[in-house]
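I set out to look up the charged side-chain pairs in this entry. My notes follow the structure.

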Amino acid sequence: MPAKSSTIVTALTTAAVVVVGVLGYQAAASAPDTLTQTRKAGHHSASKSRPERSGKKDKAPAPAAVPDASGKGRRIVYSLDAKRVWLVGGDDKALRTFKVAPSAVSPTLGAYAVGSRSVSVTGSDGIAIEHVVRFASVEGVTVGFSAAVDGSMPEPGSAKRTGGIRESRDDGKAMWDFALHGTKVVVVS
């Protein structure tokens, strides 16, 4: 009988090791890229020599200021010339700002409100998009913010008449969380 109990223990140990390995692989595969990159970049970093610092803190460039002529209060500001969006809080300070790829059809300058939203649809250019926030219509073309699921951006100068203002997926998620139905959208030059 001792051979049977040792076989059982060996089988259970092997099964446990396999299960832990599979779970570890699944966890690593589903981890966000930022964690995976940080871990890979930081691996054995203690043994690497680090350059000496001058004692001054490295400052990140200041974010682009919210345009003056964009109103007051909680709002989304979209600058056609700067190809930039600001998500502005009730205190008139930018909570987030980011570059966008403008649509082929631009809304006129002025104030609008978020009229509809969709979690995911196919864009008029045939691309799967998510976090769609619509706020205007120009000559039958609906204009709104969205992010391509595959992370792509439209080709500059496309002749296709679309109203999709594309943003990155991270920026699209931030827009989605901020831009509830009725949220003010101000378009400036």
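Which residue forms a salt bridge with D171? I worked on a predicted model, in which local features need pLDDT of at least 70, side-chain atom pairs count only at pLDDT 80 or more, and totals for chains, interfaces and linings use all residues. Residues are numbered from 1 along each chain as its sequence is written, and side-chain values use heavy atoms, with hydrogens and water left out.

Entry 1. I found R96 as the partner of D171, with the closest N and O atoms 2.8 Å apart. I took a salt bridge as a side-chain nitrogen of Lys or Arg within 4 Å of a carboxyl oxygen of Asp or Glu. D171 sits in helix α3 (residues 169-178) and R96 in strand β3 (residues 94-99), 75 residues apart. Helices (H or I, at least four residues) and strands (E, at least two) are DSSP runs, numbered from the N terminus. D171 is buried at 11% relative accessibility, while R96 is partly exposed at 32%. Here buried means under 20% relative accessible area, exposed over 50%, and partly exposed in between (1.4 Å probe, protein chains only).

Entry 2. I noted a salt bridge between R166 and D125, at 3.1 Å from N to O. R166 belongs to strand β8 (residues 164-166) and D125 to the loop between β5 (116-122) and β6 (128-138), so the pair ties together parts 41 residues apart in sequence. R166 is buried at 4%; D125 is partly exposed at 26%.

Entry 3. I recorded R161 with E139, the closest N and O atoms being 3.4 Å apart. E139 is exposed, with a relative accessible area of 69%.

Entry 4. My search of the whole structure gave 6 salt bridges.
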